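Hi everyone, thanks for making time this morning. Let me put the structure up, and then we can walk through a few spots together.

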Amino acid sequence: MTSNYRINRFLCHSLQNGDVVVQTANGVMKIHDKDLIDLIQSWDRTGKKEISESVLEQIFKEEKEEVIGFLASNGLIRTVKEKMLRIDSVTIMTNDDFLRSILMNTLVEDFQENLAITSLSVDDMQPCEENELSLVFLNPYNKSLGKRIRDRHMESSNSYLLMSYIYNNKFYMDSLYNRNWVNPCHCCHIGHIESHMRIGSADNLTYQQVIDMLYSLEEDIKIGVPLTNSQRVIIASCLIKRMQLLFHDFTYSKIHHEDINRAMVMKLDNFKIYEDTSIHWELCDCYE
């Protein structure tokens, strides 16, 4: 079984003689091997986050183990460990009754033999059960409500949150969150979304600047868009597909680091889907 390696943050500087100096949290290294220089410079250009053992073997052949040991000892890579998940129950939380009906009917029909499937009001913040997965969809969306849902899982010993919502006429699905993994939470996702949407021309207000003004007038204002039933069916399909990919048959399963931190956004006008790897927001408290 091949391993996967997480690429840690580093600084790369090319010398006039062709060598490269790489700085990591562990220290400084000087590299002169051309294949290794090409690889590290490609990481630097593309911002690559992960690499597999098989790719390293293709590049370095019989020197693979030596290269892995060198990179790991100098803090440039680290082994990615698969995480074990166990789901005993699924709780559906949404303020959209049509979507609630689709999700309940589908999950009960397909998984009630293995899982307890329940529905919970978004206003009911009772504590999470052990090994509970909360499947959340909000339209309209409210930031303080999103944080309360996140906090519900931060206070749980072991639970999972798959958060989704409508924002700026797009469907967002956060990466899977578990407080024990110390991975990006919902507040990290919405923090990055808001920061990105505040950027615009000096002459016109951006969508996020308008939302910020509305929040300043009333903190609990709800932001949403009217959805067609066709849009709701497609959103439900995205949520169920994501759950299937993550949890398979909803018993014990292994999940890869890259799968955990995958987030998606779908445009509601043409249903184009974009995926990215989630990262922590510097102003969030989830990793303190």
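Let's start with Lys34, which forms a salt bridge with Asp38, their closest N and O atoms being 2.9 Å apart. By salt bridge I mean a side-chain nitrogen of Lys or Arg within 4 Å of a carboxyl oxygen of Asp or Glu. Before I go on, please keep in mind that this is a predicted model: local features need pLDDT of at least 70, side-chain atom pairs count only at pLDDT 80 or more, and totals for chains, interfaces and linings use all residues. Residues are numbered from 1 along each chain as its sequence is written, and side-chain values use heavy atoms, with hydrogens and water left out.

Back to our pair. Lys34 and Asp38 are four residues apart in helix 1 (residues 34-46), so about one helical turn separates them. Helices here are DSSP runs of H or I with at least four residues, strands are runs of E with at least two, and both are numbered from the N terminus. Lys34 is exposed at 58% relative accessibility, while Asp38 is partly exposed at 34%. The cut-offs are under 20% relative accessible area for buried, over 50% for exposed, and partly exposed in between, using a 1.4 Å probe and protein chains only.

How many salt bridges does the structure hold? The count is 13. Another one joins Lys147 to Asp151, with the closest N and O atoms 3.0 Å apart. Those two residues both sit in helix 5 (residues 143-154), again four residues apart, about one turn of the helix. Asp151 also pairs with Arg150, at 2.8 Å between the closest N and O atoms. Lys147 is partly exposed at 36%, whereas Arg150 is buried, with a relative accessible area of 0%. Through shared partners, salt bridges link Lys147, Arg150, Asp151 and Asp285 into one network.

Next, a pocket. The second largest pocket has a volume of about 540 Å³. On a 1 Å grid over the protein atoms alone, a pocket is an open set of points where a 1.4 Å probe fits, with protein on both sides within 12 Å along at least five of seven lines, and lining residues have an atom within 4 Å of a point. The volume is the space filled by probe spheres set on the points, which are joined across faces, edges and corners. Of its 21 lining residues, the closest to the centre are His189, His192, Ile193, Ala263 and Asp276. Helix 6 gives the most to this lining, with six residues.

Two last things. Leu133, in strand 10 (residues 132-138), is buried at 0% relative accessible area. Leu133 and Met243 are 110 residues apart in sequence but 9.8 Å apart in space, C-alpha to C-alpha. Finally, the protein is divided into domain 1 (4-79) and domain 2 (84-277), with bounds from an automatic or database domain assignment. The domain centres, taken over C-alpha atoms, are separated by 36 Å.
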